[in-house]
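Subject: Structure handover

Hi,

Here is the structure I promised you. Please open it next to this email and follow along.

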Number of protein chains: 2
Amino acid sequence: MDIHDLSTPAVIIDAAALERNLSTMAAMVPGQRLRPHVKAHKCTALAARQASHGHTTFTCATPREVMGMADAGLGQDLLLANETLDPRRLGAMASLADAAMVTIAVDSAETVAAAATAGIVNVLIDVNIGLPRCGVDPDKAGALADAARKLGLVVRGVMGYEGHLMMVADADEKAREVNAAVDLLLAAHRDVGGDIVSSGGTGTYQLQTRVTEIQAGSYALMDTAYASLGLPFEQALHVLGTVVSVNPQWAVADVGLKALGMDHGNPSIDGATVWFCSDEHITFAPDLPVKVGDRVRVTPAHVDPTMSQHDAAWLLSGDNVVDRWSIDLRGW
Amino acid sequence: MDIHDLSTPAVIIDAAALERNLSTMAAMVPGQRLRPHVKAHKCTALAARQASHGHTTFTCATPREVMGMADAGLGQDLLLANETLDPRRLGAMASLADAAMVTIAVDSAETVAAAATAGIVNVLIDVNIGLPRCGVDPDKAGALADAARKLGLVVRGVMGYEGHLMMVADADEKAREVNAAVDLLLAAHRDVGGDIVSSGGTGTYQLQTRVTEIQAGSYALMDTAYASLGLPFEQALHVLGTVVSVNPQWAVADVGLKALGMDHGNPSIDGATVWFCSDEHITFAPDLPVKVGDRVRVTPAHVDPTMSQHDAAWLLSGDNVVDRWSIDLRGW
């Protein structure tokens, strides 16, 4: 079976490139220094590959990701790095009990109370270190930790995500700003206590030398946004399409915006200029002629919301299909 | 059960607003003059409501939509308005035989041959009327119809989609350009023959007086892009979120870009300024203070790829939940 046997659009993963990415990261950030973020792939089969490289603790963005990782036997140490107030979902995670170790981000009295009420045991204090999103002010982190402990919660430490710094182009400026953000996180940690200082992503992992663990995810599969940073990771994921219509000036393949994450803009195609995406089509001007029926590889601008559009990914060795992985952590 | 009992993010549909949209369209474009496009909602329960308003013929964008509509007993007259070469999927649609009437768009010798080989009976000649996407040149449509008939296919007529004209703001310019596009389609139809001239969308349906049927879809649920056109349809769909974090300058809800179609840009929230979306969050500045735990309604910029992110939609009467509809036509 090869790529010509796949129905399209289809997520395809170059198995060798993926392995190289996982090995490269494991060599640079080994063991529990990395807590891979599963939101980037939503795939327990891929998470199991990360675990085989020594990365056995994981970051999750949704309760569904936590539950699915636990079901897959990958629940040794799962961090839900987002706040939730949902009693059903908190209760489900609490009911995992000994089947998984679950730690949940909290940043307010309300999220602390919701976690405690649901029977959650472990929390991290989520600290705002510059991205205008979740996280308590650094100077209020200690008080929140005290309040959590008063309700019986175990506070394992702090987390803070410097998402606003991932794409800073100038290396010196990026280093300076990441260090300033980590200063805030470490100051909060002094007030909070606990063993964990969790931060970082694929765009900043090289600079995150003062935290105990890094939450990178995109390094495994990559996308055109992160490729622009010159990181030592290869593009391992594409969306395979079929050319369904050819015109003298352009061609059309069946990889539309419903098969892609579009928030970072249009995808790209090697050897072609992408004009635009419609729901089920990509219109592009190829450098060399293409024929109806040809297969094309489309490279998404953003990997996370591309994976979440599909129910499976196909593992390739060259053009040969070697496995099918369910994208089994979709939804919430 | 009301909106406070729903886990979020959740697609919610105002049942009364939806009914008004369906009634309004049925009064203006009754019966088989409209062939509603199910790609806008991917939901057979919603399609059944359209059928109850007299719209019993449907447009589909993917083989999966065709198969799901047939399975739901809504296969009286289904048009796959896109080209496909996939022998498995063409074969599945052909095997529906008497269980559904399926007509497939073709625009090349290759797509004609693929349809004939798979045992498809009915085709429409897809004509390029200005959008750089699929469709044969108008002056080659007759020859393609002849080739299709030689292979035993029934050519029911022509279709052409003027997608590039949906958002033209000036009314006179829009009318002039739509008429010029329809001139091309009617010229092709004279060469092709058949009973069907299919075109149009929610942005142009009022101008499409010379075709036999209109392929509008977004009118049922609407989005902020189409709302800007001043059409007689209401916003019936929102994505419900929960405020999970509050800061003096901003608040954060759990409706992120994985719960939204982002290709038309950021969603909006009444009474707030949306700053940005992350995978699982929307950061916004509310005009009036909000509290952690509050529910917010997020209005997507593009309805089609919002529905395709979710597995269900909740029907509301006011804040009360009255039904759950499966979004059962996702995928390809």
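Below is what was found, part by part.

First, some ground rules. This is a predicted model: local features need pLDDT of at least 70, side-chain atom pairs count only at pLDDT 80 or more, and totals for chains, interfaces and linings use all residues. Residues are numbered from 1 along each chain as its sequence is written, while chains are lettered from A and ligands numbered from 1 in the order in which they are written.

**The sheet of chain B**

Start with the open sheet in chain B. Seven strands form it, in the order β2-β3-β4-β5-β6-β7-β8, and their pairing is parallel. Strands (E, at least two residues) and helices (H or I, at least four) are DSSP runs, numbered from the N terminus. Two strands pair if DSSP finds at least two bridges between them. The edge strands of chain B are β2 (58-60) and β8 (213-214); each pairs on one side only.

Look at one pair inside the sheet. β6 (residues 154-160) and β7 (residues 196-199) of chain B are parallel and share four bridges. Gly157(B) stands opposite Ile196(B) of β7(B).

**Helices on the sheet**

Helix α7 (residues 171-192) of chain B lies across β5 (122-126), β6 and β7 of chain B. It runs at about 170° to β6(B). Angles go from 0 to 180 degrees between N-to-C directions; axes are lines fitted to C-alpha atoms, for helices over the stretch in contact.

Now find helix α3 (residues 63-71) of chain B. Its axis and that of α4 (residues 87-94) of chain B come within 10 Å and cross at roughly 25°. α3(B) and α4(B) are therefore roughly parallel to each other. The cut-offs are these: under 35 degrees is roughly parallel, over 145 roughly antiparallel, 65 to 115 roughly perpendicular, and the rest oblique.

Which residues make the contact between α3(B) and α4(B)? α3(B) uses Pro63(B), Val66(B) and Met67(B), and α4(B) uses Arg89(B), Ala92(B) and Met93(B). Contact here means that C-beta atoms, placed from the backbone, lie within 7 Å. These residues divide into five nonpolar, no polar and one charged. Ala, Val, Leu, Ile, Met, Phe, Trp, Tyr, Cys and Pro count as nonpolar, Asp, Glu, Lys and Arg as charged, and the others, Gly among them, as polar.

**A hairpin in chain B**

β11 (272-277) of chain B and β12 (residues 282-286) of chain B are joined by a hairpin through four residues. They pair in the antiparallel sense over five bridges. Phe276(B) has Thr283(B) as its bridge partner in β12(B). β12(B) also pairs with β10 (residues 251-253) of chain B, again antiparallel, over three bridges. There, Ala251(B) stands opposite Phe284(B).

**Where the chains meet**

43 residues of chain B are in contact with 43 residues of chain A. α4, β9 (237-246), β11 and α9 (304-307) of chain B each supply at least two residues of the chain B side. The largest share, three residues, comes from β9(B). The chain B side divides into 15 nonpolar, 14 polar and 14 charged residues.

**The domains of chain A**

Chain A is divided into domain 1 (3-11 + 233-326) and domain 2 (16-220). These bounds come from an automatic or database domain assignment. The domain centres, taken over C-alpha atoms, are 32 Å apart. The contact takes eleven residues from domain 1 of chain A and 16 residues from domain 2 of chain A.

Best wishes

Note on methods
Contact = placed C-beta atoms within 7 Å.
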